[in-house]
Amino acid sequence: MSGTLNKVMLIGHLGDDVKTTYFDGGGCIGRFPLATNETYTNRQTGERVSNTEWHNVVVRNKAAEICEKYLSKGDKVYVEGRLKTRQWQGEDNVTRYTTEIQVTDFTFLSNKGDNQNENSGSQQNYQTAQQVESQTTSAPEEEEDDLPF
């Protein structure tokens, strides 16, 4: 095999609300921290140990708008994408680095309560940015999917 692969799949909880920045050209970018947990039993002490890993997640354009609208702190989400490391020069002339998950697909895993507005009931069935975009452009809004989840 001569190719390479840069693919990340995570299921975790949002550590904060999605922060979206809009640009002059009409595009936008959304960022949020995602926490994944690892729990195991220490063989020597028999004690249960839990570790949390934090990931910087980036979504773009329509996906960013959807995440901003429907995700909030604590929600569980599946994200799929690739790793990207950026570097920049800080104000103190120190080179800084960050590694981010550039999202290509996502699925909302948290169930929202019935206390949301009537429009969000049909929106909860949409799982990815592509599904939302095709649903809003090709099908009437009053139709709902009969999905078991």
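## Terms and basis of the model

A salt bridge is a side-chain nitrogen of Lys or Arg within 4 Å of a carboxyl oxygen of Asp or Glu. Side chains of opposite charge can pair when their charged atoms come close.

The structure is a predicted model, in which local features need pLDDT of at least 70 and side-chain atom pairs count only at pLDDT 80 or more, while totals for chains, interfaces and linings use all residues. Residues are numbered from 1 along each chain as its sequence is written, and side-chain values use heavy atoms, with hydrogens and water left out.

## Overall architecture

The chain contains 3 helices and 6 strands; helices (H or I, at least four residues) and strands (E, at least two) are DSSP runs, numbered from the N terminus. Their order along the sequence is β-β-β-β-α-β-β-α-α.

Of the 149 residues in the chain, 33% are buried. Here, buried means under 20% relative accessible area, exposed means over 50%, and partly exposed lies in between (1.4 Å probe, protein chains only). The chain exposes about 10500 Å², of which carbon and sulfur atoms supply 44%; such areas come from the Shrake-Rupley method with a 1.4 Å probe, and for residues only the protein chains shown count as cover. A contact means heavy atoms within 4.5 Å. Among contacts between residues at least 6 apart in sequence, 53% join residues at least 24 apart.

## Confidence of the prediction

The predictor's confidence in each residue is given by pLDDT, from 0 to 100. Its mean for the chain is 81, and 74% of the residues reach 70 or more. Among the elements, β1 has the highest mean pLDDT (97), whereas helix α2 (residues 120-123) has the lowest (35). Over residues 114-143, pLDDT stays under 50, and the model has 30 contacts beyond four places in sequence for this stretch.

## Salt bridges

The whole structure holds 5 salt bridges. Two of them share Glu100: one joins Glu100 to Arg31, with the closest N and O atoms 2.6 Å apart. Glu100 lies in strand β6 (residues 95-108) and Arg31 in strand β3 (residues 28-41), so this pair ties together parts that are 69 residues apart in sequence. Glu100 also forms a salt bridge with Arg86, where the closest N and O atoms are 3.0 Å apart. This second pair links strand β6 with strand β5, Glu100 and Arg86 being 14 residues apart. Arg31 is partly exposed at 33%, and Arg86 is partly exposed at 33%.

A further salt bridge joins Lys7 and Glu80, with the closest N and O atoms 3.2 Å apart. Lys7 belongs to the segment before β1 (8-14) and Glu80 to strand β5 (residues 76-89), 73 residues apart. Lys7 has 48% relative accessibility and therefore counts as partly exposed; Glu80 has 16% and therefore counts as buried.

## Aromatic pairs and the nonpolar core

The structure holds 2 aromatic pairs. Rings of Phe, Tyr and Trp (its six-membered ring) pair if their centres lie within 6.5 Å; planes under 30 degrees apart count as stacked, over 60 as edge-to-face and the rest as tilted. The ring centres of Tyr70 and Phe108 are 6.3 Å apart and the planes stand at 45 degrees, so this pair is tilted. Because Tyr70 lies in helix α1 (residues 61-70) and Phe108 in strand β6, the pair ties together parts 38 residues apart in sequence. Tyr70 and Phe108 are both buried, and together with Phe106 they form one aromatic cluster.

A nonpolar core is a set of buried Ala, Val, Leu, Ile, Met, Phe, Trp, Tyr and Cys residues joined through side-chain atoms within 4.5 Å. The largest such core has 21 residues, among which Phe32, Leu34, Val79, Phe106 and Phe108 touch the most other members. At least two residues come from each of β1, β3, β4 (48-60), α1, β5 and β6, and α1 gives the most, with 5 residues. Beyond its neighbours within four places in sequence, Val79 is in contact with residues including Val8, Leu10, Phe32, Leu34 and Phe106.

## Residues with positive phi

Most residues other than glycine have a negative phi, and most peptide bonds are trans. Asn61, in helix α1, has a positive phi near 55 degrees. Asn93, in the loop between β5 and β6, has a positive phi of about 60 degrees. Asn61 is partly exposed at 40% relative accessibility, whereas Asn93 is exposed, with a relative accessible area of 61%.
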